[in-house]
Amino acid sequence: MTASAGKPHDRTPVMNFIDNRLDRLAIRRSDADWIKDQLSRSDTEVVLSTSNRLVLPADDPSRIGLPLGRAVELGADLEEMIFLGLDNDGNRPYFAATTPQTDEEMEAVAGVRVIDLRTLALEAEYSREHLSALSQARALVHWHRTHRFCSRCGKPTKLAEAGYRRDCPSCEGQHFPRTDPCVIMLITDGDRALLGRPSRLAEGMFTTLAGFMEPGETIEQAVRRETFEEAGIHVGDVRLLSNQPWPFPANLMLGCHGDALSSEISIGDDELEACRWCDRAEVRQMVEGSHPLGHRIPPAISIAHELIIGWLEDVK
């Protein structure tokens, strides 16, 4: 069975990181002079990041970057500037860079705010467009921080293509940023949805099942395999409904709906600490905050929330 478009819902998705409107201008990345010109502009902003958190202008959600000079003062390396793109509204150039300073050291700096992207998204102070651009920045910064050395010969690598490649001067190897595809699926059996609870989630939260795709595997095969491995449920038809970049650190979540062929749950690995079938009435309680046991679904920033709400509202 092949993935197909799901039935659209008459609602605007609320999940984050899907509204990146920067013009990435991939055709200009190899033009070193053009990139240098963008860096020299007075309106250029640099999204700065530590190994774990973003370093943003304090008390100004209208801006996501620091002036180039300020970013360099805080440890950004001019040779490691990653070009994100141009703002389509004002043509402002955006770059991303990392600082070797720790979170604690940056928290002591005046005029900046140190915060992780997930918390920032939950606070809902920044626009969806800015959060999406920040997700691009965080994913790229993480890749560069973890790929300083060549996987072929072990020698140091250098930034190339304005940050979308790293080259090894020793063995001439070329390395590209990675995006890891994950399936995330709402499995249903009539008017019941299969929800699980990984131990890493906050107490009382139940969500859809999810897992990484493996080499040589289709989306449908991954949905069926992961569901059976985690919950012992066989799945038949699978439909691809939506997708979401998830920069923790660099995933692409492929949102699916699957029809259960069996109903007896058997938690088969260490991924879940609980898994159960929930009817629409119970899921509504989770959404409304009236569940007698305090159970709830993930926040609106995630594709899991979108899948659950979409199913809940799609009452025949």
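Guide: A salt bridge is a side-chain nitrogen of Lys or Arg within 4 Å of a carboxyl oxygen of Asp or Glu. The model here is predicted, and by this rule it holds 26 salt bridges.

Visitor: Which residue forms a salt bridge with Arg239, and how far apart are the closest N and O atoms?

Guide: The partner is Asp237, and the closest N and O atoms lie 2.6 Å apart. That falls within 4 Å, so the pair counts.

Visitor: Are Arg239 and Asp237 buried or partly exposed?

Guide: Buried means under 20% relative accessible area. Arg239 has 18%, so Arg239 counts as buried. Asp237 has 26% and is partly exposed.

Visitor: Where in the chain are Arg166 and Glu80?

Guide: The side chains of Arg166 and Glu80 meet in a salt bridge, with 2.9 Å from N to O. This pair links distant parts of the chain, 86 residues apart. Arg166 belongs to strand S9 (residues 165–167), while Glu80 sits in the loop between helix H2 (68–73) and strand S5 (82–87). Arg166 is buried, at a relative accessible area of 1%. Glu80 is buried too, at 15%.

Visitor: What does Arg165 form with Asp167?

Guide: Arg165 and Asp167 form a salt bridge, and their closest N and O atoms are 2.7 Å apart. Arg165 has 16% relative accessibility and therefore counts as buried.

Visitor: Which residues are linked in a network of salt bridges?

Guide: Such a network links Glu214, Glu217, Arg225, Glu226 and Glu229.

Methods
Residues are numbered from 1 along each chain as its sequence is written. This is a predicted model: local features need pLDDT of at least 70, side-chain atom pairs count only at pLDDT 80 or more; totals for chains, interfaces and linings use all residues. Side-chain values use heavy atoms; hydrogens and water are left out. Helices (H or I, at least four residues) and strands (E, at least two) are DSSP runs, numbered from the N terminus. Buried means under 20% relative accessible area, exposed over 50%, partly exposed in between (1.4 Å probe, protein chains only).
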